[in-house]
Amino acid sequence: MEGSWFHRKRFSFYLILSLLLQGRGVTFTINCSGFGRHGADPTALNSVFERRAFRPVTNVSIPTRVNISFTMSAILDVDEQLHLLSSFLWLEMVWDNPFISWNPEECEGITKMSMAAKNLWLPDIFIIEFMDVDKTPKDLIAYVSSEGRIRYKKPMKVASICNLDIFYFPFDEQNCTLTFSSFLYTVDSMLLGMEKEVWEITDTSRDILQAHGEWELLGINKATAKMSVGANLYDQIAFHVAIRRRPSLYVINLLVPSGFLLAIDALSFYLPVESGNRVPFKITLLLGYNVFLLMMNDLLPTSGTPLISVYFALCLSLMVVSLLETIFITHLLHVATTQPPPLPRWLHSLLLSCTSPGRCRPIAPQKGNEGLGLTPTHPPGAKEPEASAGQRPGPGEAEPTGGSEWTRAQREHAVELWVQFSHAMDALLFRLYLLFMASSILTVIGLWNT
């Protein structure tokens, strides 16, 4: 009895070995006697299930062709720091098993049946860019047709590495690659093909992704190439997935409030400096802008330097420069109204030439006013003081001490020039604000439309 058992085991071993080495095989015809209105007989495929560890071919020199397709149903996350794209795919694989066939007319008209995928040979297709543990459920179902065609679908949560370019955040577009290949079988044993056309995969995935999510699918392109590992050559199909971020959330929460704060800071130039209210207003606005940046920091990428970070830095710099300019001219006007210093000649000439109608070029001051830095021009209504030799100063009047002493008209004229200088600085900075805001708006419109 032990001898017969040994002979049976040896016969089975030789049978499998002959199928593998000689390149020959047999086709198992399923017995439909157990089929009925309750479905197929589970024991009818036992002979096929026993061969699930081997590639289903009748000739080992012929490679198994596996057609693949997928549907990208969701983009879960894009990690800019780790350069990872987290997506959810439905992977579909189709191949032929020549050992499975039955006649539907003899089997109660059954043309397709479902069975546990663990009882069948499954191709070891994986994604090369996959950077996580495969968490696909094990108890999945495969569908087998009467001609032996097996269709197997499995859900996959894919965390794939992707070279991300976040410079144009939040108007960025990313191009990630998903490369499907076999882990064990070379081109001599397995070839990959397409179950669906690329445009069908793109349209189906785009329709699903349009319903929800931060990202939208622009397109999917296919590239086929062979991967060489040492002396072995593996077949693979690479899909280039182009996605674009929907910027509405970031425009509303980041760009619009920042633009409003910058516009309010620009309008603060209409506050008179003499009132003393401009400096506290700008300080409050600057503190509010810093609080805004701290609150919205979670929406910004944690790595790299996107263009929006440069924009925020420029806004903050403008507000700081505006505050420093306001402090400077406030101090300048205070000094000018108490003890005005002489205006430099070049600045005096530039102010007079630019405020004169029809010209804006420097005018050389006359020789007689080089010491004071003033021109002999006097404000309207001001008279040049005269001192006669025989006239004595009245009560309370100071004795003139010579040409180095300023008259009241000269003092008023110097104060007026310093006021003009402060107004010119305000106008220059205000125009700089307008230029920056206009260029920012045009840049946002251009990036959004492209």
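**Note on the predicted model: cores, disulfide, pocket and cavity**

1. Leaving aside residues up to four places away in sequence, Phe 180 is in contact (heavy atoms within 4.5 Å) with Ile 68, Phe 70, Leu 91, Ile 125, Phe 126, Ile 127, Leu 192, Asp 235, Gln 236, Ile 237 and Phe 239.

2. Residues are numbered from 1 along each chain as its sequence is written, and side-chain values use heavy atoms, with hydrogens and water left out.

3. The chain has eight helices and 10 strands (DSSP runs numbered from the N terminus: H or I of at least four residues for helices, E of at least two for strands). Of its 450 residues, 39% count as buried (buried is under 20% relative accessible area, exposed over 50%, partly exposed in between, with a 1.4 Å probe and protein chains only). Among contacts between residues at least 6 apart in sequence, 76% join residues at least 24 apart.

4. Phe 70 and Phe 180 have the most contacts inside the largest nonpolar core, which holds 51 residues. Strand S1 (residues 64-79) gives the most to this core, with six residues. Another core, of 29 residues, lies apart from it and includes Ala 266, Met 296, Phe 312 and Leu 429. A nonpolar core here is a set of buried Ala, Val, Leu, Ile, Met, Phe, Trp, Tyr and Cys residues joined through side-chain atoms within 4.5 Å.

5. Phe 183 sits in the loop between S7 and strand S8 (190-194). With a relative accessible area of 57%, Phe 183 is exposed. Not counting residues up to four places away in sequence, Phe 183 touches Asp 124, Phe 126 and Tyr 234.

6. One disulfide is found in the whole structure (a pair of cysteine sulfur atoms within 2.5 Å). It joins Cys 162 and Cys 176, with the sulfur atoms 2.0 Å apart. The angle about the S-S bond is -85°, and the link is left-handed. Cys 162 is in the loop between strand S6 (149-161) and strand S7 (173-182) and Cys 176 is in strand S7, so the pair ties together parts 14 residues apart in sequence. Cys 162 is buried at 5% relative accessibility, and Cys 176 at 2%.

7. The second largest pocket has a volume of about 530 Å³. Of its 24 lining residues, Leu 255, Tyr 311, Ser 440, Ile 441 and Val 444 are the closest to its centre. Helix H4 (248-267), helix H6 (307-338) and helix H8 (408-449) are the elements giving two or more residues to this lining; the largest share, nine residues, comes from H8. The lining has 21 nonpolar, three polar and no charged residues. (Ala, Val, Leu, Ile, Met, Phe, Trp, Tyr, Cys and Pro count as nonpolar, Asp, Glu, Lys and Arg as charged, the others, Gly among them, as polar.)

8. One cavity of 30 Å³ or more is found; the largest cavity has a volume of about 60 Å³. Its lining divides into six nonpolar, one polar and three charged residues, among them Arg 51, Arg 52, Arg 55 and Trp 121. On a 1 Å grid over the protein atoms alone, a cavity is a set of points where a 1.4 Å probe fits but cannot get out, and a pocket is an open set with protein on both sides within 12 Å along at least five of seven lines; lining residues have an atom within 4 Å of a point. Points are joined across faces, edges and corners, and a volume is the space filled by probe spheres set on them.

Methods:
This is a predicted model: local features need pLDDT of at least 70, side-chain atom pairs count only at pLDDT 80 or more; totals for chains, interfaces and linings use all residues.
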